[in-house]
Structures are given as C-alpha cells and as structure tokens.
Amino acid sequence: MKHFLTILSHEIRMLLVSASTYIAAVLFLGVMGFVFSGVLENYSSSAQEISPAAVFFQLFWLPVWFMVPLLTMKCLAEERRLGTLETLLTAPVSTTEVVLGKYFAAYFLYMLLWASTGGFFYILHHYAGDARFTDAGPLLGGYLFVAVTGLLYVALGVFASSLTRNQAVAGIFAFVLVFMVTIGLRFASTMEVINLDSMASIRTAVDYSNPFRHLEDFTRGIIDTRQLLFYLSGTVLALIFSILGVEAKLLHS
Amino acid sequence: MSPLPSFRAVRWIRTLNLLAQAVLVITLFGGLNYLAVHYAWRFDLTRHHRHSLSPETLSYLKNLPRPVRIVVTLTEDSDNAQVAQAYRDVSGLLREYVYATENNPRGRVTADYIDVFQRRRDAEALGITQPNTILLLCDGRPRTIDLPALYQMQGGEKQSFLGEQVFTAAILDVASPAKKKIYFLSGHGEMQLDDVSPSHGLSALYAELGARNFAVDSLDLSQTRAIPSDAAVIVIAGPQGRQQPEEQELLRQYLATRAGRIIALIPPMYSPGLDDLFYDWGILADDVLIYDRGPDGQNGIGDLILRNYGDHPVTRQLIDNNVPVRFGTTRSVRTDPGRPPDTNLLVTDLVATAKTAWGERNYRLRNAHQFDERVDLRDAKRGLAVAAASERVTNNGNLQFHVPGGRLVVFGSADWIANGNLATIGNLSLFLSTINWATDRDIDLKVPSRPIDKFQLSLSQSQLVRLRYSLLLLVPGAAALLGLIVYWTRRN
C-alpha cells in the first residue's frame, strides 16, 4: 500500500490547484449560506425549541445529492474513458491502491467543503451573542454525522463511477444510489405495506438503516455503535465492490 | 490438447472468483450488522447525560414483566408546531425505551407511530379516533397519556419535558397485573355509571376511566354492609339522599384504618349525611347556594366559571395551563375554621370562586337573591372555596418523608362530571387529577425533567440584513479569494 499515499497526494494536489474545485466550493457555500440564512429567519420571528445546528444538519441531504455525484463521477469513469486506467495499472500499483487513493481524495474534498460551513456558525455566534446558539453538542454531533455518512456516500459515488466510462451516467447513477440511501429509506419507512406483520424483518432493517433517525441521535450527542458500524461496513462494501468492478471490467475489456 | 487452461477459461474463473468475493463481502456486511444489533453500546456525550434514561427508569425496565406496546398518533408534519415538537420529543424518548428493553425477552417496549388519517383502520382497531393520542397497551389493557401531562408549564410556556417520568409511571402501571378499582356508591340517588343522560349520567366518565386502566364498579353499602378490600377509591357522586349512620361509619373506618380514599361530590340543596366524616377530616360543606353576579364569574346559563386554584397536586396542571373549570349549582366546601388543631391533617382549599361570589343561605326562597351580609357567606379577599382536599399523614420522626394515610376530596357540585359537562377540558382534567392523587398514581419517581431550551434571535432589521449578507458573501467570498490566490500563484 506504499503507493497509496503517492496516488492520494497526487489526487489532492490536482484538486487543490484546479479552478473548478474553487468554483464548486463558492457555489456550494453560497447555496448552504442561503439555506442557513433561511433557517435563521424562523429564529428571528419566534422562539424555537430546536437548535439552529440541528435544523441545518437536517438538510444534509441537499448538498449530498449534488456534491457527491459531482465529486466522484470523474474518479474512475474518466480514467477508463481516456484509457489511462490501464496505463496506470501497468505501474507497480494495485487496483485497490488506485481506488482507495481516488476515494480518499474525493472524501477529503467533501469534508473540506463541509468543514468550511463552520464559518456560518462563527458568524452566527458573532451576531447572536448567545452561546447556546453554537452549542457544541449538536454542532459536533452534526459534523460527526456528516463525516461518518460521507464515508458511505462518497464510496457509493466511487462505486457508480467504477461501473461506466461515461461521467454523466456515473453521476446519475451516484445520485440514484445516494437518493435511495437517504430519502428512499425514509419514504420506505412511511409506506403502509411495510407496517404489515409479515414485513416485520424488513421494517426492522429499514428502521435500522434510516439516516434521519441516525441524524437525530448524532445531533443530540448520542453515539450508537450500530450506526457507526453500519456506515463503516457499508463503506467497505461499496469500496470492495468498486475494486471488484474495476478488476472485472479490466478482465473483460 | 494443451494441459494449460485457455485465456478465456482463466478469465471466467477469475470472474467467478470476483463474484464469490462479492457474495462473501455481502454476507460479511449482513453478519456484522446483525451482530451489531445484539451487541451494541450507546454513549451519551452531553453534559449530565440529558438524553439518556435515568438509572431508576433503567432498573424498572430491566425487570419489566410483560411487553408493552406504545402507540403514538402524533405526526412530525402536523400543522400545529406544538404537536410537531411533541412528536420529536416523544419519539426521541421512546427510542431510548425501546433500546433499553431490547435484551429483555419478557418485557420489551415497542413503539408504533400511526397516522389516524392514513391508517384509519389500524387506529380504529385500537379504539383511537382522535389524533395526538398516546396509548399504552399491555395484554390488551389500555392506558392513555394526555399530551399536556408531558410538559411542565409556567405562564403558558413550556418549561421542561416530563416525558420520562410520565412514560415510566404509565409503563409500570399498565404492566402491573392488577387494575386499581374505583367504586361509585349507589342507593341514595347518586349519578349512575350506566346513565347516558347529559345532565345526570356518568357513562362518559366510565369510558374515560376505563381508557386509563381503572376498573370501575358501583357499590351499594346498604346491601353489602362492607367496603370491598380491593377498593382503591370510593366516589360519592351527587347523592340526593342521606347516608345512613352505619354507612357513614363504614366510610369513616375505611378512611381512618385502611388509609382509604374518598372523593365526594356533594351538590347543594341535599344533605349527604356525612357531616361527622367531614368534621373529622377538617372540611366544612356549607348549606348555601353560590351566586356570582360579577362579569367573569358566570356564563350565560348561570354556570360558575372557576379559575381560582389552591396550590395542590390536584390542581397543578390547571394552574400551569391556566384552564378554568365549569360548575353548575354549587355549594361552598372549605377548610373547616372550627376544626381542632392536628398537625397530621393537611387540608387545602382546591378551587374557589371569584371574589364577587357569595353563598346564599335562603336559596329556597323564590325572590331574587341578593347578598345579605347578616346571613350569607362571602370571602371578598380570596373568593369562596368550592372544593377541598384533606390528607392524613404520618410523620415518622426524623425521616424525610411522610407516610400517607387516608385522603378525602370534597367538591361542592356534582353536575360538572355529568356527560354533558365532561367535555369541558378543565372538568375532565380536574377529575382525573383527583383520581390520580387519590390512587397515588403520580408515582414520585426521582427522574429529572429535561429543561426545554428556547432559541430566539433578538436582532434588529438592519442586523438581520447584515447577518444574511455575511452568510451569503463572507464564507463563499473567502473560498473565491483562496481560489484567486491559487490561480495567480500558478500563473506566476
């Protein structure tokens, strides 16, 4: 795995010097700033019983739907389309190192974008004059939730990218996967058919993997090992599938 | 034929190898998560473990003897913000109860969330017809939790969330095999449980008590000559005749020697024959009829609107929520000013009229009634009391608690619990609080309440605009500036 760090540092350097990264960051932060200012409008009109951080993170799915496909669709699909993946693999690097290097670079950028939203809370703290608005519990819990779930979502994006040469298809497939894992599970838990007695085990599985339920725990400062294991094992599963997918494509190309 | 396999065969063998790896990884994923469900830990990182159940609740749940199903009909997307917030509070709390009892095979707590409009059939099967209901079920026995009971109010604002205390008490109550039994006396013209008339019937009250896991029956002391051993509370609802001396003696013995609980609703114009009993317990029921000509004291049909409460567990919820009660014909019932001093007897006036009310002694006369200070009763400072509670406690020397003895609550009116008046929200709440106090249902769990934090931005319009622009421009601007620096550096 010694070449993993080389690939990772290369990918991160390419991201940090690319103009598109900063354009994406400006747009992302602009949208999230707009969302956050909308959230704070409610707090100026009447007292609320939920902290602004908890409300902000309830909208985690909005950037996830758009940023994850955009960050990951180029990962492997572009390499395969240009034919550089086979060239790269002639070097003494394994498929695992390549996939992990690209994955962690995408995850690094994903977390960098989310971490920069901490600036919003700094601004809020400056204006609110009440330390409870930036209470550490919901803030840390929310960012931890983003970090843990980001592992899975970026891995799903990399998996989608490993299946095709076309960036657009990879992006759309990543969007569908992330949509199903976020809103899809929440919708499934409200379906009437799932409340039948015969669907008890499926209902349990849906409730277990519902990210909005996990978010409630994280923003209240509760860490559950089941939720951590779910995301970590899901990440490993998606990455292994990505590696297997790339190797299968290489075998049959 | 070459002994070496062909490229094609090798390719397919390697593909099968990859497929096998995929299946194994999926199995590993499923197995790990299945194990995680049964071997899990939850860590509450908040200060004082705000969102975790207290050790007392956890010890009760660990030994829960029967499974309890909790059905919640609150919805998160309700138009009512209070209901939506209650949903979040209740669902977060119930998740802890479910997790805490996962490893208790006999006494598991499960929570179901039902939208009464989307799943009407399921709701009707459970006897739920209204939304915003919380129902506990154990072996078919129901127990309802009212939404206002979950919050401590002050000045109309929610101060703290009492959910853990309320749910733990309700779970313990419904999982307990024995139902508390309430006997309504009969034989002297009292209001009857099977009477559906709006002015005199108690059928609605019977249903409400059943929904709260009480067993209810009627009792005619002139027939039985004894109070059953399973009597948790005796209710005397609007007698029109006098209790016989031997019946009164049975009730006195019940209160004094069995730490019994009696709720007496004594309307005016009838003498209940319980004067000695009331005297023993420091309560005086005056033979007067209350009138109130003040602007806020009576409604259009002459019912008394009462808002003046004494501080007592029976009236606490009415005080917190600022809810009035409505009584029809009412007499004065108050702490007996002539009672002998007794430190073990705690008497409290529960409900009083407005200061403009008076107790008319000559109510049988047909002329228009006016206050006559020579004969009528009035308390211009505090209003006339129309209900009182008396409790005998035993102070065990240096111990920091009192051992409760008998409890007696007397109301000077009875029609407020009739079918036609029970729907008045304050009336039902007052009677249920009285029953809960009489049956010790308010278990004094040492469970801390969860204070409710309120977040509000107190900013002027210009500050709000500056905040909005800061959020939209500062952080994205910083990212843009960084991008420009990187671009310029690369160019040079």
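Author: Angles under 35 degrees count as roughly parallel, over 145 as roughly antiparallel, 65 to 115 as roughly perpendicular and the rest as oblique. The model is predicted, with local features requiring pLDDT of at least 70 and side-chain atom pairs pLDDT 80 or more, while totals for chains, interfaces and linings use all residues. Residues are numbered from 1 along each chain as its sequence is written, chains are lettered from A in the order in which they are written, and side-chain values use heavy atoms, without hydrogens and water.

Reader: What makes helix 7 of chain A and helix 13 of chain A oblique to each other?

Author: The axes of helix 7 (residues 95-116) of chain A and helix 13 (residues 225-252) of chain A cross at roughly 130 degrees and come within 10 Å. Axes are lines fitted to C-alpha atoms, for helices over the stretch in contact, and angles run from 0 to 180 degrees between N-to-C directions. Helices (H or I, at least four residues) and strands (E, at least two) are DSSP runs, numbered from the N terminus. The two helices are therefore oblique.

Reader: Which residues make that contact?

Author: With contact meaning heavy atoms within 4.5 Å, helix 7 of chain A contributes residues including A:Val99, A:Leu100 and A:Tyr103, and helix 13 of chain A residues including A:Leu239, A:Ile243 and A:Val246.

Reader: Why is helix 2 of chain B called roughly parallel to helix 5 of chain B?

Author: The axes of helix 2 (residues 55-62) of chain B and helix 5 (residues 163-175) of chain B cross at roughly 20 degrees and come within 11 Å. That angle makes helix 2 of chain B roughly parallel to helix 5 of chain B. Here B:Thr57, B:Tyr60 and B:Leu61 of helix 2 meet B:Glu164, B:Thr168, B:Ile171 and B:Leu172 of helix 5.

Reader: How do you know that A:Arg186 and B:Glu76 meet in a salt bridge?

Author: The side chains of A:Arg186 and B:Glu76 are 3.7 Å apart, N to O. A salt bridge is a side-chain nitrogen of Lys or Arg within 4 Å of a carboxyl oxygen of Asp or Glu, so the pair qualifies. A:Arg186 lies in helix 10 (residues 167-190) of chain A and B:Glu76 in the loop between strand 2 (68-72) and helix 3 (81-100) of chain B, so the pair joins two chains.

Reader: How many salt bridges are there between chain A and chain B?

Author: The count is nine between chain A and chain B. One salt bridge joins the side chains of A:Arg226 and B:Glu102 (2.9 Å, N to O).
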